[in-house]
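Have a look at the model first, then read on.

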Amino acid sequence: MLRILESQAPAKQTATDTINTLSSRLSSATLLEDRRAAILGLRSFAKLYPASVASGALRDLIAGLRRDGEDPDTLKAVLETLLMLFDPDAKSPEASEDIPLWLADEFTQRQDNVTALLDLLDTGEFYLRLYSLQILSQICAARSQRTQEAIFSAPLGVSRITSVLDDRREAVRNEALLLLVALTPTSAELQKVVAFENAFDRVFAMIDAEAGLTHGTTIVQDCLSLLGNLLKLNPSNQAYFREIGCVGKVARLLAQVIQEEESPDGVPEWTRTQRDVNLWGLLTVLQLFLVRGSQSTGLSQDAFWKSGVLKRVLQIAFHETFGSNVRARALDTCAGIIRGNSDLQEQFGDLAVPAVRQVQQTTNGRATPKANSAKSGASTPANVEMSNVIESLLELTLESTATPFFDVRLAACNCVKAFFEGHNGIRGHVLRRAIEGHRMGDDAVPNILTVLLEPPNTRANQDPYQQWMAAVLLIHLLVENPENKSTALKVSDREAEASSEDEYEAVTFVQSITSNVVAGVQHPEDERALMGYLMLLSTWLFEDPNAVNDLLDEGSNLQGLISAVKVASPTMPLVAGLCTFLLGIIYEFSTRDSPIPRATLHSVLQKGLTREVYVDRLTRLHRDPGFEASVIMNGVQKGVSRELVDSLRAQIEEQKALLESSENEFATLRQQLEQESLEHRRTKESTAAELNRIKHINQSLQNNHEEETQAMQQEFARQQSVLSNMHGTTLTQMKKEHSTALEDLHRKHKAEKDYLEQRRTALEREVARQREGIVKQQAEIEKAASHARHIQNEQQAEIESLHKNLKTIEEQLSKTRKEHDSALRSARTEVGDQLRDAEARATEAEKKLNDAQSTLESSQNEIRELKNQLADAETRASSIEATLNPLQANFAKTKSEKDELHTRLQTMNSDVEKLKAENTNLQSQLSSTTKELEAAKSAAKTASNQATEPDIDPRELEELRAAAAKQKDVQTELDDLLVVFADLEAKRAADKKRLKDLGEEVSEDEEDEAGDVDEDGEEDEENID
């Protein structure tokens, strides 16, 4: 059973078929939802099948950027799919390096494609901006030149990308920054456009947002890369950078770095590495302004000096907590700022910097002082010793330090060279200062001449760079300066002894250096120190016969150099070559008046070296890879070294061997291909024979099939004829029956239609009449409701008036009590005088008591009548409230107010009961007063009790009677409203009955509603009772 189901199941669809189907749906769909569904399907295949998706749907996906630009969800799906195509899965069988090139070509072939991506930058959607920038970066990585041209040609293309730098979302902003870094390395036009789009201010704002150079991440590094691209070999951008005040911002960043480093908290160790990278990048940007030979270099040098950049860079260079690469770059920057600028060179020599201290060890390229070393992050002590910048540079150059600080020493050496480069006055001053220090022997820092004249066997250190750098500095002091050369010739190593008329003859500077070379070769010394000596002698003796004659004055020097050529040849080929080169200079610039005449010198060289040896040493020197000097321009090494040539030759040999092996493999494969071709030909012939046999069988089967088909067609025609006759007979009979039934139905339908039309007309007239009656009833009900609301308001006002009257009565009672109390006090004081009138006053009190009692009884009768009237009013109000459903809520409120009035009346009843109690008390007091007239004290007490009796004000009784009269008027109006409601209810019942007689249905809800109203009314009456 399972096999049958499997055989009937549809064939499984492959990924390629699915991609083709989705691509076809995307290209042909007209609805946005269908296109979006197709794009989402393609997105699921883009990582694993990038080639299939790109070949089938790439153009439609790109077209979707313009067609579906108003739907963010669809655009997001399109951009995600394109990004997956640019970066497919590494394990994908279709992954290839050619796919990004293919995609980039498709985008850059039409300007509209790149413009569509740039248009997405105008939207505020996060993913649309981010993905479009990432796609542009991928295109630029694959086809940078075309991408730059397309973006430059697009309307506001560069402006749109640059404006994204202001986006507060870091992911979008950083992606725009990376795109600008990729776009601007080579195109000068793009560099200018980006710069004038306020890119410099935006970049510095981003650096500030990232917490500056010290705490900034790789984003700061990317910002500096963008600055470097915009400023490199672009004088207009450099001028704009200076004009808008960005040099001051650079000085502020450098000052911030120094301030944070010298703060009490210091800088965390884990931030130093990135800090040094950022600082190195900023210093590299500064060096882009200091290109030799540029017309704007002088302006940049002056701007850096005036803004304080040079001083900040010097502080960094002499700050031991920065890495050696940063310090070296800072010294190179200082050299570039002052090089060739005589004014700045003179002012630079007057600056002061922290004194250089000996370095004992290094940690990650950072110095650790020998003594008094502060902890990492500690601030610079306030009592730090300051020294002249040139002395500090010389000390840094010539003092022996650890190997990792060689870059710092070399940069310091270059800075010293830049100090006197092109300024003969400073060169002469430095040389004279060095000669004076050498003669005095009291220099605090190493002296150039002293270092060079020191014999190899007396040196206290094994630092070969000390002699080499001293020789380099002296070379730049002497080159193309005959005056300085003549001054240096007067220096002697034995001048002190000669001045004291010693028997020894003074040894000149040139002779001492030559002796050091000879001694260094005979007693093996570091090759680098010897090369420094030989470089100095070669430069000094070139075109200077006086120096040549000075060297030849000591005849042993010539033989020593010839011996050095022979001794140093196997171990130090460079030294041997330079010695040979120096001998050639000596011979070239010697004369017949030299201490060793030219002819004699020729014969000595011919015997000592021979021509073949001389040429061989110079040839080796020329070909020696170690002698090659790399030409570095703008931080980029130019030219091809011999090491590179040798490596390329070795690679060529390897490629030749691979080519031979490939040819052998190709021959083997060709043989296999020929053999497979023969087998394929045989298979093809056998397949053709089999195909002919199958065709013959198929032809015979086809003939038999045609005969069977003709027979079946004849049988089918016969059966069709019989069925057609039967169908015609049955159809005729059914038509007759149908026409008869149809006529009967028409007659019945016409009769029913006439009856219903008459019925409908009668009902319409009746309904119209009922509607008029209902409208009138509604008007009457609304009128009655408004009248009831008016009555309710009047009742409320009357109740409030009653409340005020009761309050007034209470206040009068209280006032009366107070007056009686005061009378009692006066009676007590005059007890002696009132004893005679006690009996008369008791009689009068009894009369007043009788009057008060009668008045109280009449008040009780009037209150009882008011209560009865109020109860009747409440009963009638409840019935009206039950009858009128729309006014039920208002009457409920009236009922609650009446209940409140009823409560107040109960309070008045309680007050009346209190008055009865007081009356009883007064009667008892009167009887006791009659019995105790004889006693003065008991008579006074009786008089005081009589004085406290409450009096009922007749005005209060009049107000209660007026209120009762108003209540009667209200009850009359309620009775009239009840009569109106009864009439309306009767009309409503008659209308319902009439509608029922006409056949109309009356909803049960209306009847139940009427019943509920009646029941509510009855319940209200019961509650009132």
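**Charged side chains: a briefing**

Glu269 is partly exposed, with a relative accessible area of 43%; partly exposed is the range between buried (under 20% relative accessible area) and exposed (over 50%), using a 1.4 Å probe and protein chains only. This is a predicted model, in which local features need pLDDT of at least 70, side-chain atom pairs count only at pLDDT 80 or more, and totals for chains, interfaces and linings use all residues. Residues are numbered from 1 along each chain as its sequence is written, and side-chain values use heavy atoms, leaving out hydrogens and water.

**Salt bridges overall**

- Side chains of opposite charge can pair when their charged atoms come close.
- A search of the whole structure finds 27 salt bridges, each defined as a side-chain nitrogen of Lys or Arg within 4 Å of a carboxyl oxygen of Asp or Glu.

- Glu269 forms a salt bridge with Arg272, with 3.1 Å between the closest N and O atoms.
- Both residues belong to helix 17 (residues 269-287), where they sit three residues apart, about one helical turn; helices are DSSP runs (H or I, at least four residues) numbered from the N terminus.
- Arg272 is buried, at a relative accessible area of 1%.
- Arg275 and Asp276 also meet through their side chains in a salt bridge, at 2.9 Å from N to O.
- Arg275 is buried at 0% relative accessible area, and Asp276 counts as buried at 5%.
- Through shared partners, salt bridges join Glu261, Glu269, Arg272, Arg275 and Asp276 into one network.

- In the salt bridge of Arg252 with Asp208, the closest N and O atoms are 3.3 Å apart.
- Arg252 lies in helix 16 (residues 246-261) and Asp208 in helix 12 (residues 188-209), so this pair ties together parts 44 residues apart in sequence.
- Arg252 is partly exposed at 37% relative accessible area, and Asp208 is partly exposed at 36%.

**A negative patch on the surface**

- Asp302, Asp343, Glu346 and Asp350 gather in a surface patch of negative charge.
- Patch residues have over 30% relative accessible area and no salt bridge, and like charges are joined within 9 Å, with the place of a charge taken as CG of Asp or CD of Glu.
- Asp343, one of the patch residues, is found in helix 21 (residues 342-348).
- With 49% relative accessibility, Asp343 counts as partly exposed.

Technical notes: Patches are made of residues with over 30% relative accessible area and no salt bridge: like charges are joined within 9 Å, nonpolar side chains (Val, Leu, Ile, Met, Phe, Trp, Tyr) within 5 Å. Accessible areas come from the Shrake-Rupley method with a 1.4 Å probe; for residues, only the protein chains shown count as cover. Lys and Arg count as positive and Asp and Glu as negative; His and the chain ends are not counted. Helices (H or I, at least four residues) and strands (E, at least two) are DSSP runs, numbered from the N terminus.
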